[in-house]
Amino acid sequence: MLDENDALVLGLAARLRERRMICATAESCTGGLIGAMLTAVPGSSEWYAGGVVSYANSVKEGVLGVSGTVLSSCGAVSSPVVEAMAEGVCRLVGADAACAVSGVAGPGGGTPGKPVGTVWIGWSVRGRTDSKCFHFPGDRAEVRRRTAEAAIAGLAERIGAAEDAPDSSE
């Protein structure tokens, strides 16, 4: 029997297959949870290239190509950072689409401007990149779970809305 997460991932998979696209992930606060959810369903190797767990800013900068200036000026939990992470992982693994997450999962680490539960999610689909800030309630596990679900759902939505026709170069 499928659980809610499997159904969510299968919806993303169907859209990726329909458009002949490959996706990737760049994760900070979820620590690989999104990649684990994507690879929990059979056949994911057809549409998921892989991901980068970039918990440290040095990995965001050195591996994903996020500007050190942007990290310093905006902080890791910000729109410019998750957008650069999504674009960076697409370049790194040759993916058409990606989601990227960075946030404060708790229980510590929150500030008045970025309290626990604050998460930025970025998406890049064929060069179109955007992001959104979320404020998830709950403990660390709940924030991470909600982040992963929102990232996957947002990617599926953006792929479904993409105006590009499927690649017909086969």
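A disulfide here is a pair of cysteine sulfur atoms within 2.5 Å. I will come back to that rule after the fold.

This is a predicted model, so local features need pLDDT of at least 70 and side-chain atom pairs count only at pLDDT 80 or more, while totals for chains, interfaces and linings use all residues. Residues are numbered from 1 along each chain as its sequence is written, and side-chain values use heavy atoms, with hydrogens and water left out.

The sheet, then. Helices (H or I, at least four residues) and strands (E, at least two) are DSSP runs, numbered from the N terminus. Two strands pair if DSSP finds at least two bridges between them. On that basis there is an open sheet of 5 strands, in the order S2-S1-S3-S4-S5, with mixed pairing. Strand S2 (48-53) and strand S5 (128-135) are at the edges with a single partner strand each, so one side of each has no neighbour in the sheet. From one strand to the next, the twist averages 15°; axes are lines fitted to C-alpha atoms, for helices over the stretch in contact, and angles run from 0 to 180 degrees between N-to-C directions.

Strand S1 (residues 23-27) runs parallel to S2, and 5 bridges join them. Ala 24 has Gly 50 as its bridge partner in S2. At the other end of the order, S4 and S5 are antiparallel, with 8 bridges. Trp 123 stands opposite Asp 130 in S5. These two strands make a hairpin with 2 residues between them, and Arg 126 in the turn has a positive phi of about 50°.

Next, the helices. Contact means heavy atoms within 4.5 Å. Buried means under 20% relative accessible area, exposed over 50%, and partly exposed in between, with a 1.4 Å probe and protein chains only. The expected span of a helix is 1.5 Å times one less than its number of residues.

H6 has 22 residues and reaches 31 Å from its first C-alpha to its last, close to the 32 Å expected. Its buried residues include Val 143, Ile 152, Leu 155 and Ile 159. The buried residues of H6 pack against helix H1 (4-18), S1, helix H2 (33-39), S3, S4 and S5.

H5 (residues 79-93) has 15 residues and should span 21 Å; its end C-alpha atoms are 22 Å apart, which agrees. Among its buried residues are Val 82, Met 85 and Cys 90. Gly 94 follows H5 and has a positive phi, near 75°.

Ser 102 is buried, at 1% relative accessible area. Its side chain reaches the backbone oxygen of Ala 76 at 2.9 Å, where a polar contact is a pair of N or O atoms within 3.5 Å; within protein, one must be able to donate a hydrogen and the other to accept it, and residues adjacent in sequence count only if both atoms are side-chain atoms. Leaving aside residues up to four places away in sequence, Ser 102 touches, among others, Val 82 and Met 85, and also Val 119 and Trp 120.

Back to the cysteines. How many disulfides does the rule give? The count is 0. For Cys 23, the closest cysteine sulfur is in Cys 99, 6.9 Å away, too far for a bond. Cys 23 is buried, with a relative accessible area of 0%. For Cys 133, the closest cysteine sulfur is in Cys 29 at 11 Å, also too far for a bond. Cys 133 is partly exposed, at 26% relative accessibility.
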